Amino acid sequence: MTLSVRLRHRQGDFSLDVAFETAGGITALFGPSGAGKSSIVAAVAGLLKPDEGRIVLGDRVLTDTEDRIFVAPHQRRAGLVFQEARLFPHLRVKANLLYGWRRAPEPASQDEIDRLVALLGLEDLLKRYPHNLSGGEKARVALGRALLAGPEILALDEPLASLDVARRAEILPYLERLRDISQVPMLYVSHAIDEVARLANHVVLLEKGRVMGQGSAANCLVGREGLGAVIDATVIGPREDGLTELGFDNGRLAVTAKAAPGTRVRLRIGADDILIARVQPKEISANNLLRVTVAQIVITEDVCDVVLSAGPTPIFARITAASARRLALAPGLPVFAVIKSVTVAT
Amino acid sequence: MLSPAETEALLLSLRVAAVAVAAALPFAFATALLLARARFPGKLLLDAIIHLPLVLPPVALGFLLLAVLGTRAGLGAFLADHFGIRLVFRWTGAALASAILTFPFQVRAIRLVLEARGQGLNAAAASLGAGPWDRLFSITLPLAGPGILAGAITAFAASLGEFGAIITFVSSIPGETRTLPLAIYSALQQPGGEAEAMRLAGLSILLALFFMALAQGVSRRWAR
């Protein structure tokens, strides 16, 4: 199911002028607050009537200002998950979960409901009222409720923004599992780069109501906010030394995390965790060494931002300008990237 | 303990108040919803008009009702001729006067709860496939429940005390329009009626206390 969005909207001083398309998986709308992310979600859900624009989901035109088409929100089948969860306070968790299900054109079977309840870990919450739930539990219920309405697209508007780090860590694996098993495409609004780097298949960069770029998570995010690399890899298997070997389209990496061979994993590497060496270092504690090429260097005062390319995969390292001069780094130069630590998310 | 006439006045008061509250409730809910959720020109004016009965002399309202709904007045004559509806000198007229006078209590209580709860829940319900009427019955009404109950109880209690508008519009007819306050007043008009007036006044205080405590209890129970 593809979603195509073209919008122009003016609200006070803020103007939104965006166009993008998505296909399956999680598309992240990433940008600082005030970038227009929530307005886009509201327009997709039918809660905002744009001044001008066209929104098409699959083969259904949801909004077309030229043809005067505006499908009412309740007929769009666009599931929304809000930052504040917005559970119905007068209904128990179970009734909340089934609210959309009762109104779905093709309601899920009892079996599917049970599976989702188990997937989101909601079994013990069903009889509770929302005011007796923690923030993380509310977020999970809101997610389940939106999914049981049988949406054709799921829009998550900063679903984790009101949660602390521990609660976020609790929800993220559920979102990853959903991304991997659910057929429903998701729009994921966030200003947190770690979430987006972890979840997104496709990223739309937004700033002040404009699209600043879009593409894969690696291409859009690497180099921002100290993110050194986003690498999608596959588990090859355990090595003799106890580490797990991973393969990606331009090399191999070893990590301490354990996973079954064949598992798709996403790796994130911080820009500060990448060292650059002209010759292959020996007898070094770091486990990972990649042969890469310097693609670009930008020196600003004492700092040097280096973009390395490992095949199509961009890697971003930040070193001192002094180091860059000492190593005589220049575009095209083959070097080694020494990777100190890798964050793995399955 | 109470004489038959006093019992009659008590039961009549309760009936007038109950009908007044029940008849006004749907309108009060609609008005509260409008004031809490909608933006439209003239909203301030509507708000002011609804609160008017709180400050208007009840006698003035009774007189206005008489002028509009009296048997020889335009609307009153029309209703009597075509629908056989007469309100003057009837307990239903007393209920109408009470309904208008206690309308603001209901609107305020419902509006408060609608403003405090349920903002954003409508959007959530819509995204889950619920249409406008569906949302009204599945979300808005249940959420407004505590406000509706608290408002109804307050309006009921206030209704039991209405005097000026009732005596002006529908007079003081025993068994038809002579509610508790009117019975107190007419007892005082008779020599030696102080004892009866005192009993009825005591009864009024007890009723008022009971219903105000009930309203407090309801709003406290739901305040969370």
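In chain A, 5 strands make up an open antiparallel sheet, ordered β14-β13-β12-β15-β21. Strands are DSSP runs of E of at least two residues and helices are runs of H or I of at least four, numbered from the N terminus; two strands pair if DSSP finds at least two bridges between them. The model is predicted: local features need pLDDT of at least 70, side-chain atom pairs count only at pLDDT 80 or more, and totals for chains, interfaces and linings use all residues. Residues are numbered from 1 along each chain as its sequence is written, with chains lettered from A and ligands numbered from 1 in the order in which they are written.

**Sheet in chain A**
- β14 (251-255) and β21 (343-345) of chain A are the edges; each has a single partner strand, so one side of each lacks a neighbour in the sheet.
- From one strand to the next, the twist averages 40 degrees.
- β13 (residues 244-248) of chain A pairs with β14(A) in the antiparallel sense over 5 bridges, and A:E245 has A:A254 in β14(A) as its bridge partner.

**Helix pair in chain B**
- α5 (residues 91-116) of chain B packs against α7(B) at about 155 degrees, with the axes 8 Å apart.
- α5(B) is therefore roughly antiparallel to α7(B) (angles over 145 degrees count as such).

**Contact between the chains**
- The contact draws 19 residues from chain A and 15 residues from chain B; residues are in contact if their C-beta atoms, placed from the backbone, lie within 7 Å.
- On the chain B side, α6 (121-127) and α7 (132-159) each supply at least two residues, and α6(B) gives the largest share, 5 residues.

Conventions:
Contact = placed C-beta atoms within 7 Å. Axes fitted to C-alpha atoms, helices over the stretch in contact; angles between N-to-C directions. Parallel < 35°, antiparallel > 145°, perpendicular 65-115°, else oblique.
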